Amino acid sequence: MVTRIRQQWPDAELTWVIGKIEYQLVRLIPQVRFVVFDKTEKKQAVKKLQNALGDEHFDALLMMQVALRANLAARVIRAKRRIGFDWDRSKELHWLFTNERIAARKHAHVIEGFMDFADKLGVPPAPLVWDIPLEDSARHWAKQQAASLGPFVVISPAASKAARNWSVTGYADIAHRLVNKGYQVVLCGGPGKLDRELADAIKQQCAAPLHDRVGQTSLHQMAALLSHAKLVVAPDTGPAHIGAAMGTPVVGLYAHSNPRRTGPVNNLQYVVSVYDTMITRQKGKSWESLPWGTRAKGDDLMQHINVDDVWEKVRQVV
């Protein structure tokens, strides 16, 4: 959405209030002033936001987060137009903090929802592109890695919560099949404990050698590496969406969230999902009859994903 505004309205002055981790990925995008908001600082973060913006008045504030915390923080931003989501996509009293709403859309992907904000502003339509500049050093590092590895596939196994992860056995099986097919397999992920433990378990379970980069890359290095991969296999987690933004095919694994809403964009044909079955089992209704964005709950839902179904999608790409 930011890229669309930059391309279609090159004279627009853009300020992006952004989380500190997300900032690390997009910080080199030109023509954008970034104001980092560290939500862990709570009230102090809001105070810093207020100080950073001072008495500045904006023509429009795009309130693209419905969480109450984001809405409360947005109160210190002065803007003539305070544009928020339509009624169906508005949650946590979001509508109280807005004076305009984007057009209603049924069963919209999250990306489409963001683009609705540009539509509301009157920004001319444009193809969906990301244009995320990466550090030269990160691109050089990834190019060296790719040259050393040869054809490779990235498995980024860890989501933010353990319940959203597929099985160790499943990941190890897919990795082993890929190695037998002539591909190197690279494990990627963040520096967290869950990422590390899951990667270690996969390596122990897999009979083939794997290349472990978990917790060893910056976001720019990871994005650059993903751009060279033949494929990314991942649950609903950051690297899946970064891979899609880099133009790399993604096999996404879903159980809790509807991939029609949050799946890796331009890659929904490669998604392996048991969401429809799980949500019908829990709610007694199909997803079409439920509020958009309804999530299935449970710690073992991802274990219903069949390894042969995943492999079938992998084979469609590699």
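This is a predicted model: local features need pLDDT of at least 70, side-chain atom pairs count only at pLDDT 80 or more; totals for chains, interfaces and linings use all residues.
Trainee: What makes the crossover from β1 to β2 right-handed?

Mentor: The chain leaves β1, passes through helix α2 (residues 20-26) and reaches β2. Point the strands away from you: a clockwise path over the helix is called right-handed. This β-α-β crossover is right-handed, so its path runs clockwise in that view.

Trainee: Why are β3 and β5 called edge strands?

Mentor: The open sheet has 3 strands, in the order β3-β4-β5, with parallel pairing. β3 (57-62) and β5 each pair on one side only. That is what puts them at the edge.

Trainee: How do you know that β3 pairs with β4?

Mentor: 5 bridges join them. The cut-off is at least two, so the pair qualifies. One example is H57, whose bridge partner in β4 is R78.

Trainee: Which helix lies across this sheet's strands β3, β4 and β5?

Mentor: Helix α5 (residues 110-121) does, at about 125 degrees to β4.

Trainee: What makes L68, L72, W87, L93, W95 and L96 a patch?

Mentor: Each patch member needs over 30% relative accessible area, and nonpolar side chains are joined within 5 Å. These residues form a nonpolar surface patch, with about 580 Å² of accessible area together. W87 sits in the loop between β4 (78-84) and β5 (100-101).

How values were computed. Residues are numbered from 1 along each chain as its sequence is written. Side-chain values use heavy atoms; hydrogens and water are left out. Helices (H or I, at least four residues) and strands (E, at least two) are DSSP runs, numbered from the N terminus. Patches are made of residues with over 30% relative accessible area and no salt bridge: like charges are joined within 9 Å, nonpolar side chains (Val, Leu, Ile, Met, Phe, Trp, Tyr) within 5 Å. Accessible areas come from the Shrake-Rupley method with a 1.4 Å probe; for residues, only the protein chains shown count as cover. A salt bridge is a side-chain nitrogen of Lys or Arg within 4 Å of a carboxyl oxygen of Asp or Glu. Contact means heavy atoms within 4.5 Å. Axes are lines fitted to C-alpha atoms, for helices over the stretch in contact, and angles run from 0 to 180 degrees between N-to-C directions.
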